[in-house]
Amino acid sequence: MDYLSTVKVAYPKLTLYAFHLKHSLAQKPKTPVENANHFWQKCQQLGKQLGVPRLETLPALIEKENNKKTSITGEILPERILTFTAIKHNKNLHLSGEANPLEIHDTYALDLTLRYPHPEVQLTDLRGLNPDDCLLPKNINASLGQTLVFFAQPVERIDDEQAFADACVAALLSEETVRKVNIYCQHQGQLLGSPIFEYNNDADSPEEQCHLLIWLNTHSETTKLEEKGEYYYPFIDLLLCRSKIIYARSEAIWCYEQARS
């Protein structure tokens, strides 16, 4: 914890990319599954928990648009992104963010971003982006799974990027969660010129898989490309494909067990 209290990051943000089945092959074409609107109701609960009244209005806004996408890229809201600011928060940190509800083929997708727009934030304060582990799978319950992406710029030069990424994970998740889900670093690579680390617990069920990406902004070009945003929709499509593959595998395991019994 001493390390966490001395290290700082700039402009940190934590994004939840979650995917929930809207239509099922087992039902009539274009008939929503029973709990299709679960996603948006969960946003309402998160709004109450985070002190974000505008996020609480998301289900009503989506219902007004008849739960249908309004553009070729899948946006449901006419204004595309719902921006918000928390009315209460800890210390002197200003919590803001955006929500972008999407419909991609047979799936509802949610991009929910929480950010601290400050040039210096201690790692210990990052828990405010995920209080009580509210953004973890056990709380979101997305049928096709989810991915959390943390993006921030280290304030000072770091010698050990892996250790820094581990510290970010420890700051974002509770000690109990880290211990129970047994999350660990599986891979590391580069995204838009900066290092990215993949953490997972390898659960078979997409609803139990704790998938977390730590993306460290260590290059000026990364800032420009990230702000430009051309990677955004391909990135969501990639995460959705990953979630569907894991979901299909989980369903196959279940079917195999049922067949054997």
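Mentor: Let's start with a definition: a residue is buried under 20% relative accessible area, exposed over 50%, and partly exposed in between (1.4 Å probe, protein chains only). Arg80 is partly exposed because its relative accessibility is 36%. This is a predicted model, in which local features need pLDDT of at least 70 and side-chain atom pairs count only at pLDDT 80 or more, while totals for chains, interfaces and linings use all residues. Residues are numbered from 1 along each chain as its sequence is written, and side-chain values use heavy atoms, with hydrogens and water left out.

Trainee: How do I read a salt bridge, and which residue does Arg80 meet in one?

Mentor: Look for a side-chain nitrogen of Lys or Arg within 4 Å of a carboxyl oxygen of Asp or Glu. Here, Arg80 pairs with Glu75 at 3.9 Å, N to O. Glu75 counts as buried, because its relative accessibility is 4%. The structure holds 11 salt bridges.

Trainee: Are Arg157 and Asp159 buried or exposed?

Mentor: Arg157 is exposed at 74% relative accessibility, and Asp159 is exposed too, at 67%. Their salt bridge has its closest N and O atoms 2.4 Å apart. Now take Arg127 and Asp133, bridged at 3.2 Å: Arg127 is partly exposed at 24%, whereas Asp133 is buried at 3%.

Trainee: What about the nonpolar core? Which residues touch the most other members?

Mentor: In soluble globular proteins, nonpolar side chains tend to be buried together. A nonpolar core is a set of buried Ala, Val, Leu, Ile, Met, Phe, Trp, Tyr and Cys residues joined through side-chain atoms within 4.5 Å. The largest one here has 57 residues, and Leu55, Leu112, Leu126, Leu135, Phe150 and Ile214 touch the most other members. Helix H6 (residues 161-172) gives the largest share, seven residues. Helices (H or I, at least four residues) and strands (E, at least two) are DSSP runs, numbered from the N terminus. A second, separate core has 19 residues, including Phe19, Phe151, Leu213 and Tyr232.

Trainee: And how do I read a helix such as H9? Which residues of H9 are buried?

Mentor: Compare its span with the expected one, 1.5 Å times one less than its number of residues. H9 (residues 232-260) has 29 residues and reaches 43 Å from first C-alpha to last, close to the 42 Å expected. Its buried residues are Tyr232, Phe235, Ile236, Leu239, Leu240, Ser243, Ile246 and Ser250. They pack, with contact meaning heavy atoms within 4.5 Å, against strands including E1 (8-21) and E9 (212-216).
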